[in-house]
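The report takes pockets and cavities in turn.

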Amino acid sequence: MKHVTHIKDLGPEGVEAVLAQAEAWKQKAPGSLFPGSILGMVFFNPSLRTRTSFEAVMLRGGGSAIILDVGAGVWKLEHREGAVMNADRAEHLKEAAPVLSRFVDMLGVRTFSQGGGDEEDEVDPIINAFRKWATVPVVSMESAREHPCQGLADVLTLREKFGTTKKLPVTLTWAPHIKPLPKAVPNSFLLSAAAAGCEVRVAHPPGFELHPAVRAEAEAYAKATGGSITYTHEQDEALAGSRAVYAKSWGPTAAAAFSPNDVTALLASYSGWMPTLRTMSRAAKDAAFLHCLPVRRNVEVADEVLDHPSSRVVDEAGNRFHVQRSLLHWMRSQSR
Ligand code: CP
């Protein structure tokens, strides 16, 4: 049984296999890939792209999806072992995950960071509880540490524009926001781009470092694929010669140490990091702009960037369908 909840479940070889198949099937659609199969989709958090793209994969592949919104028509779920369940969580994952596994062929799970800080996100407690107790393959629809399907779609978008991602200079830049966001998306872009051999430059203000374990894992992928990773607190330095600019906001490293007002003030103090056309002019002439969406216009990214022909954000979202179709098929082939 093959779970894919983190890029390490694929490694550079798996990333390559999934992307190559996704590209091929984009050119020539396969027949019915999942006839009679059911994907159970468990959402602890909202979604637009993930929800529709996974369901579309199943419906177009001859299968179906059952969507469960935790706490909205579905019991609130406990994941902590030994918990005294005397509050609002009425069902434990020890029962819920194997029970769901009786009805579906695969389980997708979306569970954002609980806001307990980077160390807790590293443990990724809820998605790992599903891995432990489900008896069917589990696929991440974004968890506390990573959003692997987003990372795969990001890299596919780069490959389509530039032909190859080998040694492709790309910048992952921090962007402002009204509140501290989780690091799953920047972690996944870094890991996926490194696994695809990109020359990744990461730019963020001081105090917004990604977790050392994520950086070490990305470094290992870069070493294996001939890519490279550099970090800077100077956005312009990262942008010079970049063929793609990936903007994403994330919270400070020691987020738990800040009061809500202090963190809002900190984020506001870096409003100059919002990508504009001036920002894009620092990159290569043919640079593409990427963002995972949803995006807060004129807070995180300026209208003039999102509305510019260099923006690939809609294609990038569309690629979620293609990489997920390929990924679910790959998982099934690995589980046999
Ligand atoms: N990028 C992404 O995962 O979008 P949703 O949150 O809408 O699913």
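What follows covers an annotated span, then the pockets, then the cavities.

## Model and annotation

The model is predicted. A UniProt record, an unreviewed entry, places the feature "domain: Aspartate/ornithine carbamoyltransferase carbamoyl-P binding" at residues 2–160. That span is 43% helix and 15% strand. Its end C-alpha atoms lie 28 Å apart.

## The largest pocket

The largest pocket holds about 500 Å³ of space. Its lining counts 24 residues. R110, F112, E142, L293 and P294 lie nearest the centre.

By class, the lining has 11 nonpolar, six polar and seven charged residues. Domain 1 (7–146 + 318–333) and domain 2 (150–316) each supply at least three of the lining residues.

## The second largest pocket

Here the space is about 280 Å³. The lining of the second largest pocket has 15 residues. S113, G115, P180, L181 and A255 lie nearest its centre.

Six of the lining residues are nonpolar, six are polar and three are charged. Both domain 1 and domain 2 give at least three residues to the lining of this pocket.

## The largest cavity

The count of cavities of 30 Å³ or more comes to two. The largest cavity has a volume of about 60 Å³. D118, D121, E122, A144, R145, K183, N187 and H211 line it. Helix α4 (residues 118–123) provides the largest share of this lining, three residues.

Five of the lining residues are charged, two are polar and one is nonpolar. Domain 1 and domain 2 each contribute at least three residues to the lining of the largest cavity.

## The second largest cavity

The second largest cavity has a volume of about 50 Å³. Its lining consists of T111, F112, S113, Q114, E120, D121, D124, P125, I126, I127 and A144. The elements that give two or more residues are α4 and α5 (125–133). Of these, α5 gives the most, with three residues.

The lining of the second largest cavity divides into five nonpolar, three polar and three charged residues.

Conventions:
Residues are numbered from 1 along each chain as its sequence is written. This is a predicted model: local features need pLDDT of at least 70, side-chain atom pairs count only at pLDDT 80 or more; totals for chains, interfaces and linings use all residues. Side-chain values use heavy atoms; hydrogens and water are left out. UniProt positions are given in the numbering used here, feature names are shortened, and annotations may be inferred rather than shown by experiment. Helices (H or I, at least four residues) and strands (E, at least two) are DSSP runs, numbered from the N terminus. On a 1 Å grid over the protein atoms alone, a cavity is a set of points where a 1.4 Å probe fits but cannot get out, and a pocket is an open set with protein on both sides within 12 Å along at least five of seven lines; lining residues have an atom within 4 Å of a point. Grid points are joined across faces, edges and corners, and a volume is the space filled by probe spheres set on the points. Ala, Val, Leu, Ile, Met, Phe, Trp, Tyr, Cys and Pro count as nonpolar, Asp, Glu, Lys and Arg as charged, and the others, Gly among them, as polar. Domain bounds come from an automatic or database domain assignment.
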